[in-house]
Amino acid sequence: MNAITRLATAVSLACALPLSAVAADNGTVEVLHWWTSGGEAAAVQTLKQQIEKDGFTWKDNAVAGGGGAAAMTVLKSRAVAGNPPAAAQIKGPDIQEWGALGLLTELDEVASANHWDQLLPAKLTPIWKYDGHYVAVPVNIHRVNWLWINPQVFEKAGAKVPETLDELFAAADKLKAAGFQPLAHGGQPWQDSTVFESLVLSVLGPQGYHKAFVELDEQTLTGAKMIETFQALQRLAGYMDPNRAGRDWNIAAAEVITGKAGMQIMGDWAKSEWTAAHKVAGSDYQCVPFPGTQGSFTYNIDSLAMFKLSNANDIKAQNDLAKVALEKPFQTAFNQNKGSLPVRQDMDMSQFDACTQRSAKDFAEASKGDGLQPSMAHNMASSLAVQGAIFDVVSNFLNDPKADPAKAAKQLSAAIKASR
Ligand code: GAL
């Protein structure tokens, strides 16, 4: 039974329409998300404030856990109980799975009144539509293939900002010799795979990345370049803290911010922590494309999928959320705090810092060719079942210093096959 059928069976056992929460007269919108780090909570606050300003009640349902696995578990059990929230952070192909269950509501009225088709990147709008109708509203564009650097630490260690994988290892050696933790990393499957996917992009290039994670092509998954990628991953693990198991990504970010570590391989939500610590992009810290991935852009777009509701006032609140999410003031304030790019394409980018401006430039460049690729680790490239299979192989490999890269590549392909 595939993921859709499993979920469909479970949901059909529950009632068809969600029971709406006890609503205040003016309408309540409950939002399930996993934006709980200091910087991310500040970003969510901007949305809450706008909804409240519009006279609605915001019900926060924040489920801690980077990458959202815990939030997805909560969402599934709420759906099975016939009581999903009004809005939930759901991404990529997963939106189609929820759409197929018949639980999502159509947002066409809000979308056409506010010209979403014109405002959003044309190549990507199918992500938020089910059966031709908008069922989710995107809020941002995160770039995953970043490397975050503390320049003071680099200077003390005499390390050079790396542009290639060889230079990355050379910088890590210098940092290590100077007594720093070269690479801050939290040992959680989604973080392990965030590093892995950037390595795949670097070693196989954007076309190879696409073949591996979108086409799930067996030859690519087991080929010489994939083995080379696992070798590089094993080498990188040697620069990570051996006691990293379970560490949250924002704790790892704090190690770089406070100068304990030199670098972090993470998407640009990491910038939300630098911003919250009042650090300035370009001087207090540097963001560079992950070595060897210049010109490519792995995207991770946060979006709020909207569930069918029955209470008329709550529906008004839900529509307000959908509208506000793409308005300029929210796109500015939210993304300045979140570290991402506005998803709305007509924004004045001078209001954003050096990293986000670079991200906007690279997004536009990458969109012209093959450089724009969906993030595997952040639910944009495949079903959650396939992603889970990749996570298992990658984390098992990373946690076993003696693991064999050639065997891992074979396991990767076999695990993906079994999950489909
Ligand atoms: C991603 C999500 C980001 C950020 C990150 C860390 O999957 O898209 O918005 O929250 O996880 O939790």
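Tyr 299 stands opposite Pro 374 in strand S14. The model is predicted, so local features require pLDDT of at least 70 and side-chain atom pairs count only at pLDDT 80 or more, whereas totals for chains, interfaces and linings use all residues. Residues are numbered from 1 along each chain as its sequence is written, and side-chain values use heavy atoms, with hydrogens and water left out.

Strand S14 covers residues 372-374 and runs parallel to S12, to which three bridges join it. Strands here are DSSP runs of E with at least two residues, helices are runs of H or I with at least four, and both are numbered from the N terminus. Two strands pair if DSSP finds at least two bridges between them. Strand S7 (residues 142-143) is also joined to S12, by two bridges, and these strands run antiparallel. His 142 has Asn 300 as its bridge partner in S12.

Strand S12 spans residues 297-300, and both its faces are covered. Phe 297 and Tyr 299 lie on one side, Thr 298 and Asn 300 on the other, and all are buried. Buried means under 20% relative accessible area, exposed over 50%, and partly exposed in between (1.4 Å probe, protein chains only).

Aromatic contacts were examined next. Rings of Phe, Tyr and Trp (its six-membered ring) pair if their centres lie within 6.5 Å; planes under 30 degrees apart count as stacked, over 60 as edge-to-face and the rest as tilted. The count comes to 14 aromatic pairs. In one of them, the ring centres of Trp 146 and Trp 148 are 5.6 Å apart with the planes at 50°, so this pair is tilted. Trp 146 is buried, at 0% relative accessible area. Trp 148 is likewise buried, at 0%. Ring pairs also link Phe 196, Tyr 209, Phe 213, Phe 230 and Phe 397 into a cluster.

Charges over rings were also found. The criterion is NZ of Lys or CZ of Arg within 6 Å of the ring centre and within 35 degrees of the ring normal. Arg 143 lies over the face of Trp 146, 4.7 Å from the ring centre. Arg 235 places its charged end over the ring of Phe 169, at 3.9 Å from the centre.

Thr 258 lies in the loop between helix H12 (249-257) and strand S10 (261-265). Thr 258 is exposed, with a relative accessible area of 62%. Its side chain reaches the backbone oxygen of Ala 254 at 2.8 Å. Thr 28 is 230 residues from Thr 258 in sequence and 40 Å away in space, C-alpha to C-alpha.

Technical notes: Polar contact = N/O pair within 3.5 Å; in protein donor to acceptor, adjacent residues only side chain to side chain.
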